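Please look over the predicted model shown here with its sequence.

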Amino acid sequence: MTPLSAPFPATRFRRLRRSPALRDLVRENELSPADFIWPVFVRNGDGVEEPIASMPGVMRRSVDKVVEAAEEAWNLGIPAICLFPYTDPSLKTECCSEAWNPENLSNRATRAIKDAVPDITVMTDVALDPYNINGHDGFVEDGEIVNDRTVEALIKQALSQADAGADIIGPSDMMDGRIGALRAALESAGHKNVALLSYAAKYASAFYGPFRDAVGASGALKGDKKTYQMDPANTDEAMRMIARDLTDGADMVMVKPGMPYLDVCRRAKDMFGAPTFAYQVSGEYAMLAGAGERGWVDGEKVMLESLMAFKRAGCDGILTYFAPAAAEILGG
Ligand code: PBG
């Protein structure tokens with residue numbers, strides 16, 4: 001549809017921009033705390049909130065502090081929190097068995113949140129990188145990141161998360177075939193209501209740098225992730241992968257990173273009409289928060305403008321480290 005307008009001066013677009021009330025009246029998209037999933041980093045200890053140098057304002061929190069964060073999120077009207085563990089280097093191994101330890105940080109945090117704030121949605125991350133001595137999302141054999149054996153491990157990891165009470169499982173690993181395998185495993189284990197938010201279009205991006213610091217994977221990572229994460233040059237491939245994941249049993253799909261990939265968000269929403277999310281990743285956060293901190297941009301305004309852009313691009317929700325700050329301004 002191409003909207004038609006009469007020629008000037010019958011049409012003066014500035015008429016409807018004249019006052020805040022008129023602008024409110026014709027605004028096409030709305031941003032609210034209900035659009036956010038807040039990613040939080042979990043570490044060991046008690047009463048600990050440890051700042052992350054490359055992500056101003058973001059902390060690694062011990063489980064008790066993660067519970068407080070979940071309470072804060074719920075009170076701000078944020079419906080979901082997503083957990084990423086900072087795993088002690090001594091627990092990183094080649095076989096990654098900490099990933100499905102029922103007592104690992106992520107599972108302990110899930111249970112603690114579900115006890116204290118039962119209504120909030122807890123999302124967990126499926127991928128081996130926080131637990132892998134190589135820093136990769138899959139097992140490494142002779143320098144190759146192997147697919148099928150990794151999927152077997154991801155199933156164990158996802159089942160331990162579902163057992164702990166996760167509401168949404170987010171496979172961020174980019175192995176082929178994992179959505180179908182995870183859906184079948186959840187179904188037969190009695191976890192039929194656990195939702196899968198597939199990182200369907202996840203690009204091999206340099207914008208993940210600060211996250212890898214936050215989860216302690218930067219030092220560990222050998223090489224890059226280009227054999228499993230997507231080439232930033234491609235969008236047809238993204239559509240094919242989203243189609244596959246929806247067919248295989250994903251309830252929602254994710255585009256990641258966010259701001260540089262808004263074209264992919266729009267195309268995905270138009271093509272499939274499925275619940276579509278974007279991850280405004282750590283490097284995007286660092287750029288905006290860092291420039292805001294220095295006074296190079298108005299931090300609050302660029303935050304809200306960047307988040308609105310996701311709504312305009314067709315996203316139903318946004319994973320963003322800005323969630324509490326933005327929710328506070330937007331009002332629950
Ligand atoms: C890895 C994972 C990454 C992020 C989420 N899960 C990094 C990577 O793929 O190396 C990045 C999130 C961010 O940058 O905020 N499974």
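Helix α9, residues 282-293, has 12 residues and reaches 16 Å from its first C-alpha to its last, close to the 16 Å expected at 1.5 Å a residue, where the expected span is 1.5 Å times one less than the number of residues. Helices (H or I, at least four residues) and strands (E, at least two) are DSSP runs numbered from the N terminus. This is a predicted model, in which local features need pLDDT of at least 70, side-chain atom pairs count only at pLDDT 80 or more, and totals for chains, interfaces and linings use all residues. Residues are numbered from 1 along each chain as its sequence is written.

**Helix α9 and its surroundings**

- The buried residues of α9 are Ser282, Gly283, Glu284, Tyr285, Ala286, Leu288 and Ala289; a residue is buried if 20 or more other C-beta atoms, placed from the backbone, lie within 10 Å of its own.
- These buried residues pack against α6 (209-214), β11 (276-280) and α10 (299-312).
- Glycine 283, which lies in α9, counts as buried because it has 21 C-beta neighbours inside 10 Å.
- Leaving aside neighbours within four places in sequence, glycine 283 is in contact with Ala206, Phe207, Tyr208, Gly209 and Pro210, contact meaning that the C-beta atoms, placed from the backbone, lie within 7 Å.
- Glycine 283 and proline 210 are 73 residues apart in sequence, yet 6.0 Å apart in space, C-alpha to C-alpha.
- After α9 comes glycine 295, whose phi is positive, near 80°.

**Helices α7 and α8**

- The axes of α7 (residues 236-248) and α8 (residues 262-272) come within 10 Å and cross at roughly 45°, axes being lines fitted to C-alpha atoms over the stretch in contact, with angles from 0 to 180 degrees between N-to-C directions.
- The two helices α7 and α8 are therefore oblique to each other, given that angles under 35 degrees count as roughly parallel, over 145 as roughly antiparallel, 65 to 115 as roughly perpendicular and the rest as oblique.
- The contact is made by Ala238, Met239, Ile242 and Leu246 of α7 together with Val264, Arg267, Ala268, Met271 and Phe272 of α8.

**Helices α3 and α4**

- The axes of α3 (residues 105-116) and α4 (residues 148-164) come within 8 Å and cross at roughly 20°, which makes α3 roughly parallel to α4.
- In this pair, Ser106, Asn107, Thr110 and Arg111 of α3 meet Ser160, Gln161 and Ala164 of α4.

Key
Buried ≥ 20, exposed ≤ 12 C-beta atoms within 10 Å, placed from the backbone. Contact = placed C-beta atoms within 7 Å.
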